[in-house]
Amino acid sequence: MTDTLTDQLIVETVPAYLAARPHLAGPVDPASVVSVVEVGDGNLNLVFIVKDAAGNGVVVKQSLPHVRVDPSWPLTRERAAREAVVLGVHERIAPEHVPAFHGFDAEALALSIEDLSDHAVWRGELNAGRLHTYAAAQLGRYVGAVGFATSVFGTPGPERRRAIAEATNPELSEITEDLVFTEPYVDHEHNGWLPANDDDVRELRADRAFVREIGLAKQRFQESAQSLLHGDLHTGSVFVRAEGASVRAFDSEFGTYGPTGFDLGAVWANLVIAAARAHVLGRTADAETLLTLPVELVDAFEAEFRRRWPDRVDPRVYGDDVLDHTLAQIRSDAAIYGAAKAVRRIVGFSKVADIQTLPEVERAVAARLVLRAARTLGTARLDDADTRVLTARTVALLG
């Protein structure tokens with residue numbers, strides 16, 4: 001072990017690291033650390049859960065200089081600084097829906113956040129058949145709170161422009177643009193699917209109306225600075241706990257200013273994926289329930305946004321008709337971004353356990369259902385973007 005601050009942490013060095021930086025220890029006593037466990041199972045980071053003799057815990061997260069599963073794919077480690085910005089802002093606005101933020105070490109590019117070991121990752125719970133249906137509305141309120149507070153309605157212009165500059169996340173935003181909006185629709189080494197889904201992917205790419213909507217959605221993602229997004233709000237980045245109906249969104253390193261509907265769409269996509277899994281496993285009632293949760297998600301988002309509307313910073317021309325137009329646009333955006341995120345998880349890079357852990361025959365059927373649901377969301381919203389109408393269309397796909 002060397003004493004430089006920029007070394008990559010390992011289990012053995014974390015106690016000394018915290019002892020030298022007690023301001024990052026949160027509730028943990030750095031002098032009585034009894035366990036350090038590395039639990040990072042994502043693509044980009046080292047994640048350590050640290051416990052002291054009194055049972056207090058803290059999580060230390062350090063960015064890697066490359067994709068974890070592919071060391072030949074380099075990444076800027078400065079993304080940790082962007083995550084610190086996003087988490088700090090989101091904690092001030094919606095502290096009940098993100099981990100407590102204890103601090104950031106700019107030299108080692110490590111964050112210290114609340115230990116949520118008493119929660120479970122929502123994706124794992126869904127895969128096990130435990131739905132935690134309350135989570136959809138909670139996430140809607142979270143996106144509604146942040147979406148309003150960081151928009152032109154919630155933050156004065158000069159302050160907001162400075163915030164946009166501080167949260168700019170060019171490298172990871174480009175990854176989103178490539179993986180979500182482009183690569184699934186072209187031949188690319190990141191793509192892959194079962195032979196049984198060849199026709200499904202061929203039909204997807206031949207659906208020019210759908211691909212056009214994906215292109216327009218990518219354009220809007222690149223151009224819009226509507227609110228400060230979490231940026232990767234899937235069921236694998238959400239902790240849930242039945243006691244107290246607690247829901248916490250974590251891993252916001254892809255956060256940046258972008259279209260508010262992107263975060264809603266990410267949740268929507270993963271609910272569709274979870275429903276496809278439940279359906280092929282014979283859990284028909286669960287599948288139908290999961291497909292109705294986007295209604296609760298969007299309803300809760302809109303209710304929170306409307307609740308905050310009287311506090312808008314500039315009501316001179318931002319009347320209720322502007323609110324209605326804004327919410328209608330976000331509703332439509334949520335559907336197309338949900339479609340894009342769903343396709344990415346079936347065709348593109350970084351697939352999900354919901355589908356990948358299924359037997360091959362069931363996996364192909366589930367993938368087909370997800371792709372068909374995505375195409376429905378992406379184009380049917382042009383006729384009617386009402387979440388209830390779109391939900392009815394996706395439920396009908398179960399047959």
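Reader: By class, how many nonpolar, polar and charged residues does the lining of the largest cavity have?

Author: This is a predicted model, where local features need pLDDT of at least 70, side-chain atom pairs count only at pLDDT 80 or more, and totals for chains, interfaces and linings use all residues. Residues are numbered from 1 along each chain as its sequence is written, and side-chain values use heavy atoms, leaving out hydrogens and water. Ala, Val, Leu, Ile, Met, Phe, Trp, Tyr, Cys and Pro count as nonpolar, Asp, Glu, Lys and Arg as charged, and the others, Gly among them, as polar. Sorted that way, the lining comes to nine nonpolar, one polar and no charged residues.

Reader: Which helices each supply at least two residues of that lining?

Author: On a 1 Å grid over the protein atoms alone, a cavity is a set of points where a 1.4 Å probe fits but cannot get out, a pocket is an open set with protein on both sides within 12 Å along at least five of seven lines, and lining residues have an atom within 4 Å of a point. Val272, Ala275, Leu369 and Thr394 are among the lining residues of the largest cavity. Helices and strands here are DSSP runs numbered from the N terminus (H or I, at least four residues, for helices; E, at least two, for strands). The elements that each give at least two residues are α9 (261-280) and α13 (360-380).

Reader: What is the volume of the largest cavity?

Author: Grid points are joined across faces, edges and corners, and a volume is the space filled by probe spheres set on the points. For the largest cavity, the volume is about 70 Å³.

Reader: Where does the largest share of the second largest cavity's lining come from?

Author: His90, Tyr142, Ser227 and Asp263 are among the residues that line this cavity. Both α4 (134-149) and β9 (227-228) supply at least two residues each. The largest share, four residues, belongs to α4.

Reader: And the second largest pocket: which residues lie nearest its centre?

Author: That pocket has a volume of about 240 Å³, with α2 and α5 (157-166) each giving at least two lining residues. Its lining divides into eight nonpolar, two polar and four charged residues. Nearest the centre are Val89, Arg92, Glu159, Ala163 and Tyr257.

Reader: Last one: at what angle do α6 and α8 cross?

Author: Axes are lines fitted to C-alpha atoms, for helices over the stretch in contact (heavy atoms within 4.5 Å), and angles run from 0 to 180 degrees between N-to-C directions. The axes of α6 (residues 170-181) and α8 (residues 208-223) come within 11 Å, and Phe181 of α6 is one of the residues meeting α8. The crossing angle is roughly 170 degrees.
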